[in-house]
Amino acid sequence: MSYQVIGIAIVAVLFLLVRLLNTTDIPKIKNLPEIPGLPILGNLWHLGTDHARVAQKWAQKYGPVFQTRLGNKRVIFVNSYESVRHFWITHQSALISRPTFHTFHSVVSSSQGFTIGTSPWDDSCKARRKAAATALNRPSVQSYMPILDLESTVSIKELAADCKGGTVDVDPSPYFARFALNTSLTLNYGIRIDGNINNEMLQEITTVERGVSNFRSTSNNWQDYVPIMRLWNKQNTEAESFRLRRDAYLTKLLNELKGQIAAGIDKPCITGNILKDPNAKLNEAEIKSICLTMVSAGLDTVPVNLVMGLAFLSSPEGQAIQERALKEIEKVYPDGDAWEKCLVEEKVPYVTALVKETLRFWTVIPICLPRTSIKDIPYEGSVIPAGTTFFMNAYAADYDEQRFKDPYKFIPERFLNDTESGTPHYAYGAGSRMCAGSHLANRELYTAYMRLITAFEIHPARNPADRPLIDAIECSSNPTALTTDPKLFKIGLKIRSESKLKEWIAAAEARTNELPLNGTAVFQETRPAVWSSPDNESMAFNVVYTTSEFPVSFANDNDIAKHDALMETGNLGLVNPKGTVCRIVDFAPGNNPVMHRTQSLDYGVVISGTLELELDAGEKRLLYPGDVAVQRGTIHSWYNPSQTEWARMLFVLQDSEPVVVNGQPLKEDLGEASGSIPPSGNSN
Ligand code: HEM
């Protein structure tokens with residue numbers, strides 16, 4: 001063979017090899033701008049470590065939507081507020097799935113399964129998402145407020161001690177990592193870490209979850225796009241070691257809960273409910289996936305928003321915002337009861353706006369969790385085929401000048417008179433797979449802000465080197481992490497009023513302490529109805545809780561068994577501040593006034609007019625139309641028959657004095673049920 005032939009053969013092989021290495025899962029899409037790339041790597045090299053800002057710049061040249069080639073994967077970047085709306089909201093049913101990636105899905109997740117947020121759409125994902133969404137919907141979240149009462153108090157109390165009368169600057173991160181982690185652990189396992197910020201388990205979980213989240217990053221793992229790199233990539237070993245460490249604490253937590261259930265000493269929690277529900281349709285792997293989601297989802301997100309919010313408040317520009325927030329809080333709560341009231345209502349619009357601006361400004365997942373399309377999606381003369389991977393550049397969309405004036409300025413006021421009726425910002429993503437924990441996260445942020453701002457003046461750290469970087473991308477210590485990972489910084493804290501803070505903390509501690517059994521009547525506040533879920537598949541799952549100290553307990557174990565047996569999706573329940581639960585209840589709606597019998601043979605009456613009610617302590621309360629009074633059960637709840645709003649509720653514990661309505665005690669034999677008992681979990 002001549003040298004010429006050998007040369008041609010080598011060139012041909014090289015050509016075929018490059019073509020092979022350059023093929024993408026989805027061929028080039030017609031009529032959609034494509035960013036020029038390198039052989040094999042495609043656009044990976046140019047995207048570098050800062051996908052959000054590089055893609056934001058490309059959008060200025062190529063338009064808000066363009067295709068890229070990341071190794072062997074074709075990826076569509078969507079970069080403006082309106083274009084995100086087009087794909088994520090208008091075409092949400094087409095964009096309901098998620099892609100799988102080698103590092104996260106084959107290595108890190110091989111033992112505990114995928115989280116919900118990393119699962120492709122199938123029946124199992126649907127069931128898991130539904131279980132999580134139900135446990136995290138608005139009414140359920142309201143029932144978790146005692147947990148936030150406890151956790152925010154613990155963190156603020158420790159911060160107040162550690163700032164030593166304002167003489168020592170503090171790093172706020174670990175306090176709020178514990179706040180978020182304990183909230184998730186209590187919800188999910190009924191277990192909290194009862195230690196200070198140096199607690200070993202707290203540190204292990206936060207370190208490992210942060211490490212694992214980096215393997216989910218769309219920019220950190222080139223081997224996900226360039227298969228040949230998997231042969232030598234050291235990421236595999238690192239990923240493996242995080243997987244083992246994660247397995248250790250997830251298994252420990254689940255076994256602890258199982259042990260508690262066996263011993264009958266478990267606290268009510270999401271996983272406990274599923275484990276004890278004989279009709280639960282979730283298998284062990286799915287339960288583990290939900291646990292994993294609950295532990296990890298809020299841990300990298302809520303604390304980052306909170307600490308960066310504190311970073312800004314500590315800055316010179318943040319002083320005016322603190323002042324205005326405090327003024328607005330004091331306007332609504334002149335009697336100093338903001339700490340208690342923020343648990344049951346959200347009545348300070350400025351603080352709500354502060355929460356939204358925090359979420360927008362530090363869009364903590366700058367490149368939102370990726371999606372895969374399951375149907376073709378049209379876009380300006382092109383058709384993007386099913387099976388394509390989409391990245392929402394949430395950072396660019398949240399800094400889109402067409403939507404947000406002066407996007408690089410932190411201005412809570414922008415959300416006070418916002419006329420946008422759709423998704424206000426994309427920090428929680430959007431559409432069919434939007435964050436399932438957004439209600440919980442919003443309540444966590446609102447409660448923490450209300451309490452922090454009333455407790456402390458927040459100042460810059462004394463040493464300029466300790467002060468934070470505010471910029472949403474520059475503030476991160478790891479630019480390729482999935483979620484923003486703030487560089488260490490400190491803030492100065494000065495307690496506004498020692499005596500008031502002591503009082504608020506003492507009241508919160510009393511509320512969240514275990515309380516003895518006795519008979520007490522308590523009112524539930526009126527709340528807006530969430531009667532059917534957006535997809536009309538089922539009634540919102542509701543767990544209600546009382547707004548004041550509520551000594552819930554059971555007379556004996558049989559009661560617990562009875563009530564547990566009644567606990568099904570759609571039933572109502574109640575959690576007291578310490579997390580002890582009592583549950584029920586199916587009941588019959590009907591016309592006012594209606595007497596009805598609950599399945600557990602407790603009785604109630606819906607009030608048709610305004611009635612004065614005498615409580616056992618001689619105290620008088622008014623009942624309004626639609627309220628329900630119930631006697632003799634542990635927990636009772638009601639909606640008003642028009643279903644436009646939740647009724648206020650009266651709970652009367654066993655052993656309480658008879659409740660008197662219009663001079664007549666409520667009796668046990670109020671009559672037969674009228675109307676039919678709706679099947680639990682049904683939408684109406
Ligand atoms: C400030 C706090 C939070 C932020 C910024 C945030 C952000 C996000 C984002 C951007 C997504 C992807 C949405 C999409 O693809 O459109 C997501 C998904 C999700 N989040 Fe959150 N999240 C937060 C807190 C939480 C909390 C506290 C929980 C629950 C305890 C939670 C549970 C979930 C779940 C289950 C998903 C997956 C949804 C799915 O794939 O169907 N998140 N979150």
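# Salt bridges, helix packing and a surface patch

Glutamate 82 and arginine 85 are three residues apart in helix α4 (residues 81–90), so about one helical turn separates them. The model is predicted: local features need pLDDT of at least 70 and side-chain atom pairs count only at pLDDT 80 or more, while totals for chains, interfaces and linings use all residues. Residues are numbered from 1 along each chain as its sequence is written, and side-chain values use heavy atoms, with hydrogens and water left out.

**Salt bridges**

- A salt bridge is a side-chain nitrogen of Lys or Arg within 4 Å of a carboxyl oxygen of Asp or Glu; by this rule the count comes to 27.
- Glutamate 82 and arginine 85 form one of them, at 2.9 Å from N to O.
- Glutamate 82 is partly exposed, with a relative accessible area of 47%, and arginine 85 is partly exposed at 23% (buried means under 20%, exposed over 50%, partly exposed in between, with a 1.4 Å probe and protein chains only).
- Lysine 252 and glutamate 256 also form a salt bridge, with their closest N and O atoms 3.9 Å apart; the two residues are four apart in helix α11 (residues 235–263), so about one helical turn separates them.
- Aspartate 471 and arginine 53 meet in a salt bridge of 3.9 Å, N to O. Aspartate 471 lies in the loop between β7 (456–460) and β8 (491–495) and arginine 53 in helix α3 (residues 51–62), so the pair ties together parts that are 418 residues apart in sequence.
- Asp50, Arg53, Asp471 and Glu474 are linked in a network of salt bridges.

**Helix packing**

- Helices (H or I, at least four residues) and strands (E, at least two) are DSSP runs, numbered from the N terminus.
- Helix α8 (residues 145–162) packs against helix α20 (residues 498–512) at an angle of about 140°, with the axes 9 Å apart. That angle makes α8 oblique to α20 (under 35 degrees counts as roughly parallel, over 145 as roughly antiparallel, 65 to 115 as roughly perpendicular and the rest as oblique).
- The axes of helix α9 (residues 173–189) and helix α19 (residues 438–455) come within 12 Å and cross at roughly 135°, so these helices are oblique to each other.

**Surface patch**

- Tyr3, Ile6, Ile10, Leu14, Leu17 and Leu20 form a nonpolar surface patch with about 670 Å² of accessible area together (patch residues have over 30% relative accessible area and no salt bridge; like charges are joined within 9 Å, nonpolar side chains within 5 Å).
- Tyrosine 3 lies in helix α1 (residues 3–22) and is exposed, with a relative accessible area of 78%.

Terms used:
Areas by Shrake-Rupley, 256 points an atom, 1.4 Å probe, with all protein chains shown as cover. Axes fitted to C-alpha atoms, helices over the stretch in contact; angles between N-to-C directions.
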